[in-house]
Amino acid sequence: MTLLHLAGVTRTVQLVDAPPLTILSGVDLDVEVGDRVSIVGRSGSGKSTLLNLLGLLDNPTSGDLEFDGRPVKSFSSGERDRVRGRDVGFIFQQFNLLQGRTALENVMTPLLYAQGKQFWQRARIATAMLERVGLGHRLGAMPDKLSGGEQQRVAIARSLVRGPRLILADEPTGALDLETGADVMALLDEVATGSGAALITITHDPAIAALASRHLRLDHGVLTVVGGPVAPVVRDDELATVPA
């Protein structure tokens, strides 16, 4: 079952006293339920813009973008917000936890916008999710008392607590050491597999990219399929390695 469908998607920004800037050009992509996709690309290649489209935060300039078989352009603003809040989970390089709020309170936050059982049983649901990511003993801990790996686990629990069908992970291990990053990705994959969610990861880490079943490269706004052995790629002034 196709969850996301993009056909000929472009994103162009109008600039003052300059020609329009094309950020994405003719992007075609299908993401199935339970799919595992990694996207690699240099800084400025359009990854953040693509992530915003996939996460229903923005509209394409042209082309077709469908979520669960429905054209996104047919959603009202309120419906788009509801679908994104219910069906899309975001995980970022920076953990973006609410300071002054416990781990449990951070994970409960998305459930404040839920309805019915999810809203009324938010403390129980958030507790169960923290236990699932191995932090059942840290429910009352503040973010500044958690290690980097623990903070990312809280962020993962928060993104998954409403049972999203699509998880978008933007450099999810970028602020972690290699060993902790590998543990976090293994956990994320395990939880996503258990819920049947599709997982799209944007990364420069070859080990993280290798966890996906499909590898894509975004270069100057053009998305292409890549595969085969791992090859080095220079990203600006640093050396990264991605599947080639």
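This note goes through a predicted model point by point, from the whole chain down to single residues.

1. **The chain as a whole.** The chain holds 8 helices and 12 strands, and its C-alpha atoms fill a box of roughly 50 × 40 × 40 Å along the principal axes. A compact globule of 244 residues would have a radius of gyration near 18 Å, and the chain, with 18 Å, agrees with that expectation. Of the 244 residues, 46% count as buried. Among the contacts between residues at least 6 apart in sequence, 70% join residues that are at least 24 apart.

2. **Helix α2 and its buried side.** Helix α2 covers residues 77-87, and within this helix Arg-80, Val-83, Arg-84 and Asp-87 are buried. These residues lie on the same side of α2, because they cover an arc of only 100 degrees around the axis. As for what covers the buried residues of α2, the elements include β4 (62-67), β6 (88-92) and β7 (166-170).

3. Is Asp-87 buried or exposed? With a relative accessible area of 6%, Asp-87 is buried, because the cut-off for that word is under 20%. Its side chain makes a polar contact of 3.0 Å with the side chain of Arg-86. Leaving out residues up to four places away in sequence, Asp-87 touches Phe-67, Pro-164, Arg-165 and Leu-166.

4. **Aromatic pairs.** A pair of aromatic rings is described by the distance of the centres and the angle of the planes. The count in this model comes to 2 aromatic pairs. In the pair of Phe-90 and Phe-92, the ring centres are 6.0 Å apart and the planes stand at 5 degrees, so this pair is stacked. Both residues are given as partly exposed, Phe-90 with a relative accessible area of 21% and Phe-92 with one of 33%. The pair of Phe-119 and Trp-120 is edge-to-face, with 4.9 Å from centre to centre and 85 degrees between the planes.

5. **The surroundings of Phe-119.** Which residue has its charged end over the ring of Phe-119? It is Arg-122, whose charged end sits 4.4 Å from the centre of that ring. Phe-119 itself counts as partly exposed at 22% relative accessibility, whereas Trp-120, its partner in the edge-to-face pair, counts as exposed at 70%.

6. **Arg-158 in helix α6.** Arg-158 lies in helix α6, which covers residues 148-160, and at 18% relative accessibility it counts as buried, because this value is under 20%. Not counting residues up to four places away in sequence, Arg-158 touches Phe-95, Asn-96, Leu-97, Leu-98, Asn-106, Val-107 and Pro-110. The C-alpha atoms of Arg-158 and Gln-115, which are 43 residues apart along the chain, are separated by 17 Å.

7. **Glu-150 in helix α6.** Glu-150 is also found in helix α6, and with a relative accessible area of 19% it is buried. When its neighbours within four places in sequence are left aside, Glu-150 is in contact with Leu-135, Arg-138 and Lys-145. The C-alpha atoms of Glu-150 and Ser-76 are 37 Å from each other, and these residues are 74 apart along the chain.

8. **Two residues with a positive phi.** Most residues other than glycine have a negative phi. Leu-56 has a positive phi near 60 degrees, and Asn-96, likewise not a glycine, has a positive phi of about 55 degrees. Where do these residues lie? Leu-56 lies in the loop between α1 (47-54) and β4, and Asn-96 is found in the loop between β6 and α3 (103-108). Leu-56 is buried, with a relative accessible area of 0%, whereas Asn-96 counts as partly exposed at 48% relative accessibility. Asn-96 is also one of the residues that Arg-158 touches, as described under point 6.

Note on methods
Residues are numbered from 1 along each chain as its sequence is written. This is a predicted model: local features need pLDDT of at least 70, side-chain atom pairs count only at pLDDT 80 or more; totals for chains, interfaces and linings use all residues. Side-chain values use heavy atoms; hydrogens and water are left out. Rings of Phe, Tyr and Trp (its six-membered ring) pair if their centres lie within 6.5 Å; planes under 30 degrees apart count as stacked, over 60 as edge-to-face and the rest as tilted. Buried means under 20% relative accessible area, exposed over 50%, partly exposed in between (1.4 Å probe, protein chains only). A charge sits over a ring if NZ of Lys or CZ of Arg is within 6 Å of the ring centre and within 35 degrees of the ring normal. Helices (H or I, at least four residues) and strands (E, at least two) are DSSP runs, numbered from the N terminus. The arc is that of the directions from the helix axis to the C-beta atoms. Contact means heavy atoms within 4.5 Å. A polar contact is a pair of N or O atoms within 3.5 Å; within protein, one must be able to donate a hydrogen and the other to accept it, and residues adjacent in sequence count only if both atoms are side-chain atoms. The radius of gyration is taken over C-alpha atoms; the globule rule is 2.2 Å times the number of residues to the power 0.38.
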